[in-house]
Amino acid sequence: MEEYPTGFRFYPTEEELISFYLHNQLHGLKQDKLHRVIPVLDIFDTEPWNLPQLAGELCREDREQWFFFAPMQEREARGGRPSRSMATGYWKATASAGYVYSSDNEVIGVKKSMVFHVGKPPTGRKTQWKLNEYRAVELSPTIPNSTSNNVSIPKLRREFTLCRVYVVSGSSRAFDRRPPEVVARETTIQGGNGAASNEGGGCEDAPSSGVVVANVGCSHPWETASLEEPIWDWEQLDWL
């Protein structure tokens, strides 16, 4: 296995996960190289604490997040609901699914967030293991429309989902490794000095991903959606 610089990590954006990695998996492209990073695994049959050792060889040493392609379950293919439970616990959705947008503000997928609970529903105990499940949205070929322009129909791809499994670090930044007592002391000092300045309202931290996610319940002009081809070439990912 190749050697990489100290601190090197696989840290893709949500747009890259869907438009490049999931897109290639769905179309059967670049499989050998792709699975070195994101392997195919039915993660809903495996306890989350066992997943890190099953991650792709290029991400196995990561201690905070791991990625997997989860194939469609047989029960889901027959029209049923996918199973998210196992002997030791279950994955529970934390909110409604949301759209994932590209940098061009086009809908490229749907994201669902879950947290793992130990025990039986609905009395399971919440853990620090979390999961983001991504499904790709693609546009089918345009169809003639006698009353307007040609219309592309969006399709939610279900053959594979891309799952990001991670552990809540308890730190506002994953790379912040200061001792907890130091963080608490600095937070107390900053809170005392900045209390007056925040009385009039302040700005909360912006999402680090830079990807806007909207609630599925809101309307979206599907007719004008245009999903572009992936803008990344495999050769650009030199570290693979």
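In E7, Tyr166 is the bridge partner of Gln65. This is a predicted model, in which local features need pLDDT of at least 70 and side-chain atom pairs count only at pLDDT 80 or more, while totals for chains, interfaces and linings use all residues. Residues are numbered from 1 along each chain as its sequence is written, and side-chain values use heavy atoms, with hydrogens and water left out. Strand E1 (residues 65–71) and strand E7 (residues 160–167) pair in the antiparallel sense over seven bridges; strands are DSSP runs of E with at least two residues, helices are runs of H or I with at least four, both numbered from the N terminus, and two strands pair if DSSP finds at least two bridges between them. Six of the seven residues of E1 are buried, that is, under 20% relative accessible area with a 1.4 Å probe and protein chains only.

The largest nonpolar core has 20 residues, and Phe10, Tyr21, Leu22, Ile38, Phe69 and Leu162 have the most contacts inside it. Such a core is a set of buried Ala, Val, Leu, Ile, Met, Phe, Trp, Tyr and Cys residues joined through side-chain atoms within 4.5 Å. Helix H1 (14–26), helix H2 (31–37), E1, E5 and E7 each give two or more residues to this core, and the largest share, six residues, comes from H1. Ile38 touches residues including Phe10, Tyr21, Phe69 and Leu162, leaving aside those up to four places away in sequence; contact means heavy atoms within 4.5 Å.

Terms used: Buried means under 20% relative accessible area, exposed over 50%, partly exposed in between (1.4 Å probe, protein chains only).
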